[in-house]
Structures are given as C-alpha cells and as structure tokens.
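The following questions and answers concern a structural model. Please consult the display below while reading.

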Amino acid sequence: MTTTTHLEALEAEAAHIMRETAGEFDRPVLLFSGGKDSIVMLHVAAKAFAPAPVPFPLLHVDTGHNFPEVIEFRDRVTAGLRLEVASVQDYIDRGALPDVPERNGLQTTPLLDAIEAGGHDAVFGGGRRDEEKARAKERVFSLRDEFGGWDPRRQRPELWNLYNGRHNPGEHVRVFPLSNWTELDVWQYIAAEDIALPSIYYAHERAVFDRRGMWLCPGAWGGHGERLVRRTVRYRTVGDMSCTGAVESAARTPGEVIEEIAASRITERGATRADDRLAEAAMEDRKREGYF
Amino acid sequence: MSTLLRLATAGSVDDGKSTLVGRLLHDSKSVMSDQLEKIASPSDLALLTDGLRAEREQGITIDVAYRYFATPRRRFVLADTPGHVQYTRNMVTGASTAELVVLVVDARRGVTEQTRRHAAVAGLLRVPSLVLAVNKMDLVGWSEEVFAAIADDLDYPGEVTAIPISALTGDNVVTPSEHMDWYAGPTVLEFLETAETGEDLTALPARLPVQYVIKTRGRRAYAGQLTGGILHVGERVVVQPGGRTTTVAGIDVLGEPVTMAWAPQSIAVRLADDLDVSRGALISPAATAPGTTRELRATVCHLHEKALTVGEKVLVKHTTRTVHAVVEHIGTGGPLGVNDIGDVVVRTAADLAVDDYAESRITGACLLIDPGDGATRSAGMISVG
C-alpha cells in the first residue's frame with residue numbers, strides 16, 4: 001500500500017529538484033521548446049506548485065524554422081503563463097547571426113542573451129543522462145560560467161539529494177529535473193498522466209525527402225531539387241525543421257509509441273549473442289533514430 | 001508497475017568492472033545503436049562505458065557516470081564510479097544514493113586491500129546491500145574452492161551476496177552459467193531484480209524538510225519530499241527549529257488531496273495553526289521528532305583539493321537548511337586533504353534538527369560548503385548521542 005512505482009519515484013524526485021530551485025534561486029526560468037521533455041517538465045512543475053501557478057516564466061528559443069504544429073501547441077499550452085521568446089530570426093534580420101540553412105547551432109547566442117537580460121540565475125532544461133555520453137556525467141545542478149560554458153573539472157560532486165546551487169554573480173546554474181529519466185520513462189509518464197503533445201509526435205502522412213539517411217520535410221534548407229515521397233512518419237524529437245528527421249512509424253497513441261520502443265528492444269533481446277544480428281539492430285536503430 | 005533501484009559499482013581498474021557494466025547494459029538490451037556499433041567482440045564491452053573525449057585527451061576522470069537500464073520488473077539507475085584516482089570521492093558520491101553496491105574482484109587476486117577500502121566506504125555510507133561479484137571465474141577453472149575462499153574473506157556491516165561470474169563470457173551476469181553447476185544462486189541481474197535492499201524508508205520516523213512555501217489566497221502549504229516515514233492528516237507534529245506543535249490539517253501529493261503520504265513522495269502539507277514556517281524548517285511527528293544541536297558531530301569525507309582545517313568557517317547544508325558554521329575540531333588534529341576521511345565537530349550559528357546517519361541517510365547527511373566560492377568541500381555523516 002505504501003509502495004512507490006518507478007514513475008512515481010522519478011516524478012517525486014523531479015518535483016523535489018524544481019522546488020529546491022524555486023527555494024534557492026531568485027529568478028529561475030524553464031526552457032520550453034514544445035518538445036516532449038519540456039512538456040513533461042512543465043507538467044511536473046504545475047503539480048509541484050499546485051494550487052499556485054508555476055512560479056517562474058518559460059523561455060523558448062525560436063529558430064524561425066520550427067514546426068508550425070509545435071508553435072501552435074506552444075501558444076495553446078502556455079496561454080496564461082509567462083512566456084519569453086528569444087528569436088533567432090530577429091538576430092539574422094539585423095545581421096547579428098548568419099543566415100545559414102541549418103539553425104541548430106545558432107541558438108546559443110540568443111539563449112545566453114535572454115538568460116542575461118532576464119537576470120536568470122537558474123535555467124531548467126529537459127536534458128536526460130541517458131541521451132549520450134557527456135550527459136551521463138552531467139550534474140542535476142550544473143554550474144555554468146558567465147559565458148554559459150561547462151567546465152567538467154569545476155563541477156561539484158553531488159551527493160544524496162543535496163544540490164549545491166551557490167554561484168558567483170554572472171554565473172548561472174542549469175538544472176535538469178529529468179536527469180534520471182529515460183526516453184521510455186518519459187513516454188510511460190505521458191501515457192499515465194494523459195499529457196497532450198504536438199501532433200507530430202504521432203504517426204501521420206507527410207511529404208519528405210531523404211537526406212543522408214533521414215527523412216526531412218522540405219523548406220528553405222532543401223527538398224526542392226530532391227525527390228519528395230509520402231511516408232507515414234512520426235518525430236521522435238522535435239527541434240529545428242532543418243535538421244530534425246522523422247522516423248517511419250505507425251504509432252498513433254502514447255501506448256503504441258511505448259510498444260514501438262519496447263518492440264525494438266525485444267528485437268534486440270532476441271539477438272542473444274550473434275554480433276551480426278546486433279550490427280543489424282544497430283543499423284535499424286540508427287535509421288529509427290533519424291538525425292542522430 | 002516496476003520499482004526503481006539505485007545501485008553503484010566499485011572495483012579496481014583491472015578487475016573487469018567496466019566489462020561487467022557493459023555486459024549488464026548489453027545483455028539487458030539497454031544499449032543505444034551508436035554504442036553497439038563499437039562492440040565487435042566481448043572484450044570490447046568495456047567501451048560501452050568509455051569516458052568523454054576531454055577525459056581521454058587530458059588524462060582526467062570526471063567522476064561518476066550514470067547509466068540506465070530496465071527489465072520488466074525494475075528500473076535501474078547505476079552510478080558507475082571509476083576505480084582509480086580519487087576513488088574515495090567518486091565512490092562516496094556514487095554510494096550516497098545507492099541502495100546496493102556491486103563490488104567487483106578478480107578471482108585470481110581475491111579480496112585486496114583496495115577491495116576492503118571500497119567495502120569500507122560503502123559501509124560508511126550505509127549502503128544496505130553489497131554484491132561481491134567474483135569475476136574472471138573462467139581464469140581459475142570455474143573453481144568452487146577459489147570462489148568460496150573469496151566469498152568468506154570480506155567483512156561488511158550490511159548484507160553480502162557473493163556471485164561467481166565471468167563478465168567476459170557473460171556467465172552468471174544475465175544468463176546462468178553452464179560452467180558452474182555447483183552454484184545454485186541467482187545471476188547478478190536476477191539478484192538486482194529481486195533484491196530486498198533492507199531500506200524501507202516508510203519504516204523510519206516521518207520527516208518533512210520544508211523546501212518551499214506555496215501561498216494561495218491567504219493559505220500556506222509547506223512543500224517538501226518526505227525523507228522517511230508516513231504522515232497522516234490529523235497527526236500531531238512539531239516544527240523545528242522553534243519546537244512549536246500543531247496538527248496536520250491537510251496533505252496534497254503533487255496537487256492531489258490525500259489522508260496519508262509516505263516517503264519518498266513529494267507533498268505539501270497545511271497546518272492547523274498559523275506558525276512561522278519557512279524553507280529550512282523540519283516538520284516531524286511530535287512523538288518522534290529529532291533533537292536539535294549547534295555542535296554537529298560528523299564523519300566527513302573530504303572531497304576538495306583545498307584542505308579542511310580547524311578554525312575554518314564553512315556553510316553546513318543539511319536537508320533544505322544552510323547555516324554558517326566553524327570547524328571546531330578534527331579528530332586527527334591536522335587538516336583533512338582530498339579523499340581523507342575523519343571525524344569533525346562543527347559549531348553552527350543556528351539550530352539544526354538532525355538524525356544519526358545510521359537512522360536516516362538523508363536527515364543524517366550534510367555538506368560542508370566553502371562560503372567564498374561555493375565549492376562543495378566535504379560530505380558529512382552525522383553522529384547523534
């Protein structure tokens with residue numbers, strides 16, 4: 001009766017981290033991209049401070065090449081909340097950033113400017129440690145210098161649930177409440193809590209073109225000279241349209257997405273020892289991963 | 001629904017810890033596609049836990065890496081601690097949140113001095129359960145006698161389970177060994193899936209360190225995560241420091257009203273009386289509340305290059321409360337260098353309501369922080385009485 005499931009434990013931990021941040025910092029801000037991780041963060045935040053409103057604003061770094069479904073979703077769920085938008089397009093229009101087709105790398109300057117302009121001393125991000133190697137060693141409270149830089153050797157040991165948020169003027173702390181969640185946890189939580197997501201997370205038909213093995217939709221970044229095909233796809237991550245690939249999928253509900261993720265593991269599980277089959281699974285997963 | 005188990009690994013550099021962790025991740029199918037491509041043969045399994053480019057280039061170790069894997073029964077958070085330099089600091093960090101530690105030894109060498117140090121650190125951090133993974137059994141002819149001698153050779157204050165394995169061949173890691181029919185116990189993964197860690201937080205006295213005050217229309221609710229125990233609506237509670245008593249008027253678990261809540265839930269409570277309660281206060285049942293002190297005694301692991309000295313001013317971070325303090329006494333007399341462990345007495349500027357670390361690994365733990373640059377200097381395990 002007094003047991004706690006793994007999702008409840010992860011949720012309780014994320015709420016604890018958010019409350020610590022709200023208690024220790026003067027001006028936190030939550031990075032909100034309209035992607036599933038930031039949507040889950042916002043959902044936990046709403047529960048952690050209920051019945052009061054979330055006590056910090058949201059910040060969206062808008063590359064100008066966002067999926068319209070995501071912008072529409074963002075505007076719907078953030079209605080009534082404080083939303084700051086840092087626009088990459090504005091920087092390009094006034095010549096402060098180059099107008100390159102792939103805009104992912106352009107986000108840093110507007111982000112750091114927005115953090116400085118807002119006087120934000122803590123910035124919530126949806127990063128998870130299971131995503132990749134460097135993240136596996138990231139702290140929950142990650143100290144950044146005044147240029148937003150991460151110096152691995154300056155990071156503090158993090159023990160128990162004691163998060164040290166001390167920082168000098170000009171420095172800020174990136175806070176990762178979902179550090180210990182995996183992609184599967186995020187989807188199980190979305191299903192359990194019935195959380196709405198932008199429609200492009202689920203299978204839909206779309207005209208796409210193949211670029212270096214991933215399905216992109218056409219825009220300023222390409223797709224005009226290339227052969228367009230119609231595919232049933234979904235997005236596993238949402239980011240800048242110029243570099244976010246779709247995966248072929250028939251999953252139309254959170255439950256089906258979970259099955260899809262689980263099924264890909266069962267396929268691998270079947271490969272008990274044959275390196276060939278593992279390599280095959282690797283290729284298959286690589287395709288599924290899209291732009292990774 | 002599955003539960004969450006947090007574990008840490010420890011072992012010397014050549015004992016095969018990375019291969020074991022790689023084998024667990026690989027055989028439980030928790031490996032991402034880009035990582036799998038590197039694995040051409042079982043001896044490459046250690047590459048799955050390969051470090052950062054910065055670490056390889058600069059020859060440094062950026063302490064603990066966290067790995068994630070799951071089975072239908074359980075989700076695992078594994079703190080993977082490097083075995084070589086700064087092992088104390090890394091192990092203390094990894095073990096602080098672990099309910100179980102997997103200690104790897106080489107069957108050919110048995111329990112070494114470093115094995116005993118690792119076990120001592122895990123014991124100091126009160127990790128309730130230890131798995132002694134006797135690795136490289138293939139290199140000792142799968143010998144029962146060799147295994148039995150090693151299994152009997154380790155003292156640990158908690159529960160010990162010894163398992164004979166070969167991480168390289170996979171024997172008894174995820175799949176049962178075909179080479180050791182004398183061993184009838186579980187594989188490492190089976191044990192991790194079913195282990196009762198002996199750490200039932202709900203059996204502890206209830207403790208709610210207040211993190212944040214939620215204010216709505218004149219009503220105040222005190223938000224925090226229960227570090228132990230069960231709290232009921234209507235229960236008589238005391239708020240420390242101060243020691244005023246009142247009654248729990250209502251409890252929300254992340255917005256949902258309930259009549260009782262238990263650790264480790266994140267909750268918000270409303271109190272019957274209008275007391276002055278702010279971040280850093282501790283709410284406990286009046287009958288089982290901890291005592292308060294300004295003379296904090298603790299065993300500390302020093303984590304920072306700058307030594308800890310008698311007379312030095314520090315900040316003590318205990319649950320959600322941070323207070324000024326001065327280091328009054330160090331057991332050895334001298335300064336504590338990085339990776340040193342010692343007993344200290346710290347005089348605090350304000351009352352702290354503390355438990356003994358043996359009672360609670362959360363309300364019995366603290367950090368010593370440098371008031372100048374904010375660095376985390378030491379990790380402390382509090383002694384009471």
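Two residues are in contact if their C-beta atoms, placed from the backbone, lie within 7 Å. The model is predicted: local features need pLDDT of at least 70, side-chain atom pairs count only at pLDDT 80 or more, and totals for chains, interfaces and linings use all residues. Residues are numbered from 1 along each chain as its sequence is written, and chains are lettered from A and ligands numbered from 1 in the order in which they are written.

Q: How many residues of domain 3 of chain B are in contact with domain 1 of chain B?
A: An automatic or database domain assignment divides chain B into domain 1 (3–194), domain 2 (202–288) and domain 3 (292–383). Domain 1 of chain B contributes seven residues to its contacts with domain 3, and the number from domain 3 of chain B is ten.

Q: Which helix supplies the largest share of the side of domain 1 of chain B that touches domain 3 of chain B?
A: Helices are DSSP runs (H or I, at least four residues), numbered from the N terminus. Four residues of that side come from one helix, spanning residues 87–96 of chain B: helix H4.

Q: What percentage of the residues in chain A is buried?
A: A residue is buried if 20 or more other C-beta atoms lie within 10 Å of its own, with C-beta atoms placed from the backbone. Among the 292 residues of chain A, the buried share is 46%.

Notes
Buried ≥ 20, exposed ≤ 12 C-beta atoms within 10 Å, placed from the backbone. Helix = DSSP H or I, 4+ residues; strand = E, 2+ residues; numbered from the N terminus.
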